[in-house]
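Subject: Structure handover

Hello,

Here is the structure for you to look at. Please open it alongside this email.

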Amino acid sequence: MALPSDRDNISKQDHELNYVLKKYGKRQTKENREKLSDALDQFRKDDSYKTYFRDDFYDYVEKNDALKDLEDS
């Protein structure tokens, strides 16, 4: 099995968080990045996910409505 590439992973770097915020139509503010970072922490604690790749996080966000409290664009 090949190792995942860097683009498959998701991190807490501002540019990564901003990308996700933009994808979901949320404002790219410090407050939204902090809330998104908290959602990422919760995702990583969720035992139903065996890997922590970008696509897994998107699935988590959509299943859990994890960004509902963030300010829209």
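Below are the notes on its helices, their contacts and a few single residues.

First, the ground rules. This is a predicted model, in which local features need pLDDT of at least 70, side-chain atom pairs count only at pLDDT 80 or more, and totals for chains, interfaces and linings use all residues. Residues are numbered from 1 along each chain as its sequence is written, and side-chain values use heavy atoms, with hydrogens and water left out.

Helix α2

Helix α2 covers residues 30–45. Helices here are DSSP runs (H or I, at least four residues), numbered from the N terminus. At 1.5 Å a residue, its 16 residues should span 22 Å, and the end C-alpha atoms are 23 Å apart, which agrees. The expected span is 1.5 Å times one less than the number of residues.

Which residues of α2 are buried? They are Asn32, Arg33, Leu36, Ser37, Ala39, Leu40 and Phe43. These residues lie on the same side of α2, because they cover an arc of only 160° around the axis. The arc is taken from the directions from the helix axis to the C-beta atoms. Buried means under 20% relative accessible area, exposed means over 50%, and partly exposed is in between (1.4 Å probe, protein chains only). Lys30 and Lys45 are exposed, on the face of α2 turned away from its buried side.

The buried residues of α2 pack against α1 (14–23) and α3 (54–64).

α2 with α3

These two helices pack at about 100°, with axes 10 Å apart. Axes are lines fitted to C-alpha atoms, for helices over the stretch in contact, and angles run from 0 to 180 degrees between N-to-C directions. α2 and α3 are therefore roughly perpendicular (65 to 115 degrees). Leu36, Ala39, Leu40, Gln42 and Phe43 of α2 meet Asp56, Phe57 and Tyr60 of α3. Contact means heavy atoms within 4.5 Å. By class, this contact has six nonpolar, one polar and one charged residues. Nonpolar means Ala, Val, Leu, Ile, Met, Phe, Trp, Tyr, Cys and Pro; charged means Asp, Glu, Lys and Arg; the others, Gly among them, are polar.

α1 with α2

The axes of α1 and α2 come within 10 Å and cross at roughly 90°. That makes α1 roughly perpendicular to α2. From α1, the contact uses Asp14, Leu17, Asn18, Val20 and Leu21; from α2, it uses Asn32, Arg33 and Leu36. The residues of this contact divide into four nonpolar, two polar and two charged.

Inside α1, the buried residues are Glu16, Leu17, Asn18, Val20 and Leu21. Their cover includes α2 and α3.

Single residues

Glu16 sits in α1. At 12% relative accessibility, Glu16 counts as buried. Not counting residues up to four places away in sequence, Glu16 touches Asn9, Ile10, Ser11 and Arg54. Glu16 and Arg33 are 17 residues apart in sequence and 9.6 Å apart in space, C-alpha to C-alpha.

His15 is also in α1. Is His15 buried or exposed? His15 is exposed, with a relative accessible area of 53%. His15 and Tyr58 are 43 residues apart in sequence, and their C-alpha atoms are 16 Å apart.

Two backbone points remain. Just after α1, Gly25 takes a positive phi of about 70°. Asp65 has a phi near 50°, a positive value in a residue other than glycine. Asp65 is in the segment after α3. Asp65 is partly exposed, with a relative accessible area of 46%.

Best wishes

Terms used. Parallel < 35°, antiparallel > 145°, perpendicular 65-115°, else oblique.
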